Amino acid sequence: MFGIFIFLTANPDAVAAELDLVKTSVPVVLDSRLTIQTSTGKGEVPVHVSRDWTTRQSDVTRAIIIVHGWPRRDVGADEYVSKHAGKAALNTIFITPQFLIEADVTGHQLPAETLRWDFHGWKQGYDAQAPAPISSFDVIDRIFQRLADRNKFPNLKIIVLAGHSAGGQFVQRYAVVGHGAYALSAADIHVRYVVANPATYLYFSDKRMQADGSFASVDAKNCPGFRNWNMGLLGKLPDYVAQPVSGDRLEKSYLARDVVYLLGTADNDPNADALGMSCPYEIQGATRYARGLAYAKYINFSSQGHSNHRLMEVPNVAHHAYAMYSSTCGLAALFDTPGCKIKE
């Protein structure tokens, strides 16, 4: 069982607010339930699905899965995005899972079979605390499995897994270690990962961008823990991650995936809540926007310019999921609509 981890921050009030959230249940628990069964046990996770995915949906060509941020409250993004997308969303099914903690289960008097994670453990792929040790990444595997059913979705062409903030951390790590895409490739369904404004990224080496734009190795003695999960592949990895870990294999696979880094240019507050101020965080950059730009350059550096990753910037938007997704570049990332300039 994982303890509560508090991000170091320059704002003591932010720490107090986070401690309060650990004890406070979400105002709304999503309406439907998805059963997750693995070799370690069984449990249920709340989900909202925009269509009846138990019946044949012949007109659906696109599925969008939106992962919420760390307060677990921004679970209405699908309806907001659908409204702004207009006709582009007509043949789309939206799925929103909700990763609960103990306070949610207690506060809403949910059944014992409801999966609940540590406050930060869900976004890192760790196992649920109860009723069974099931990884939050297993939830995405199960959703992918449902969507790969050609009897239900005969014309599905693409699945977009998107997340903002803590959800962006979740999506980026899942894109590295997730298992679900393999079943989809057999069904000839493309997968895209949209990573929006996360606080940190997973690196495959000890190189970080320097002030002059070059990359150099960081001394682990001066910055302990910077290569540990979930910013690297050392330390306590989720049981979900296959052992032994081959960093080279995971990196090669990740670089081949369709990944969009969606960054708000105004997400540039160096004292933002949940940003992280200790060395492992700061060497990624001073702000979320800076960290995203640095990571995009790292991917270009590591792949020698040969990856399937793209950088899209949303001008004048800060840390706001709905504004990010409904922007021109947000809609391009989710629906392939025109008008977004890809950053080189």
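Predicted model: local features only at pLDDT ≥ 70, side-chain atom pairs only at ≥ 80, totals over all residues.
## Helices α2 and α11

On the α2 side, Val81, His84 and Ala85 take part in the contact, and on the α11 side they meet Leu331, Leu334 and Phe335. By class, the residues of this contact comprise five nonpolar, one polar and no charged.

Helix α11 spans residues 328-335 and is mostly covered, with seven of its eight residues buried. The buried set consists of Cys329, Gly330, Leu331, Ala332, Ala333, Leu334 and Phe335. Just after α11 comes Asp336, which has a positive phi of about 65°.

Helix α2 covers residues 77-85, and its buried residues are Ala77, Asp78, Val81 and Ala85. These residues lie on the same side of α2 because they cover an arc of only 95° around the axis. In general, an α-helix has 3.6 residues a turn, so residues three or four places apart point the same way. The face of α2 turned away from the buried side carries Glu79 and Lys83, both exposed.

The buried residues of α2 pack against several elements: the strands β2 (41-49), β3 (62-67) and β4 (92-97), and the helices α10 (321-326) and α11 (328-335). After α2 comes Gly86, with a positive phi near 65°.

## Helices α4 and α5

Helix α4 (residues 136-147) and helix α5 (residues 166-177) form another contact, their axes coming within 11 Å and crossing at roughly 70°. The two are therefore roughly perpendicular to each other. Helix α4 contributes Ser136, Phe137, Ile140, Asp141 and Phe144, while α5 contributes Phe170, Arg173, Tyr174 and Val177. Six residues of this contact are nonpolar, one is polar and two are charged.

Tyr174 belongs to α5. Its relative accessible area is 1%, and because buried means under 20%, Tyr174 is classed as buried. Beyond neighbours within four places in sequence, Tyr174 is in contact with Phe137, Ile140, Asp141, Phe144, Leu161, His179, Gly180, Ala181, Tyr193 and Tyr240.

## Helices α7 and α9

The axes of helix α7 (residues 247-256) and helix α9 (residues 288-303) come within 11 Å and have a crossing angle of roughly 110°. That angle makes α7 roughly perpendicular to α9. The crossing of α7 past α9 is left-handed. Glu251, Tyr254 and Leu255 of α7 make the contact with Tyr295, Tyr298, Ile299, Ser302 and Ser303 of α9. Of the residues in the contact of α7 with α9, five are nonpolar, two polar and one charged.

## Backbone features in the loops

Most residues other than glycine have a negative phi, and most peptide bonds are trans. The bond from Ala130 to Pro131 is cis, with omega near -5°, and Pro131 is located in the loop between α3 (102-107) and α4. The bond joining Gln243 and Pro244 is also cis, with omega about -5°, and Pro244 is located in the loop between β8 (215-217) and α7.

Gln109, with a phi of about 50°, is not a glycine and lies in the loop between α3 and α4. Gln109 has 72% relative accessibility and therefore counts as exposed, the cut-off for that class being over 50%. Asn316 is not a glycine either, and has a positive phi of about 65°. Asn316 is placed in the loop between β10 (309-314) and α10, and with 71% relative accessibility Asn316 counts as exposed.

Conventions: Residues numbered from 1 in each chain as written. Heavy atoms only, no water. Buried < 20%, exposed > 50% of the residue type's maximum accessible area, 1.4 Å probe, protein only. Helix = DSSP H or I, 4+ residues; strand = E, 2+ residues; numbered from the N terminus. Arc of directions from axis to C-beta. Contact = heavy atoms within 4.5 Å. Axes fitted to C-alpha atoms, helices over the stretch in contact; angles between N-to-C directions. Parallel < 35°, antiparallel > 145°, perpendicular 65-115°, else oblique. Left-handed = near helix turned anticlockwise from the far one by under 90°. Nonpolar A, V, L, I, M, F, W, Y, C, P; charged D, E, K, R; others polar.
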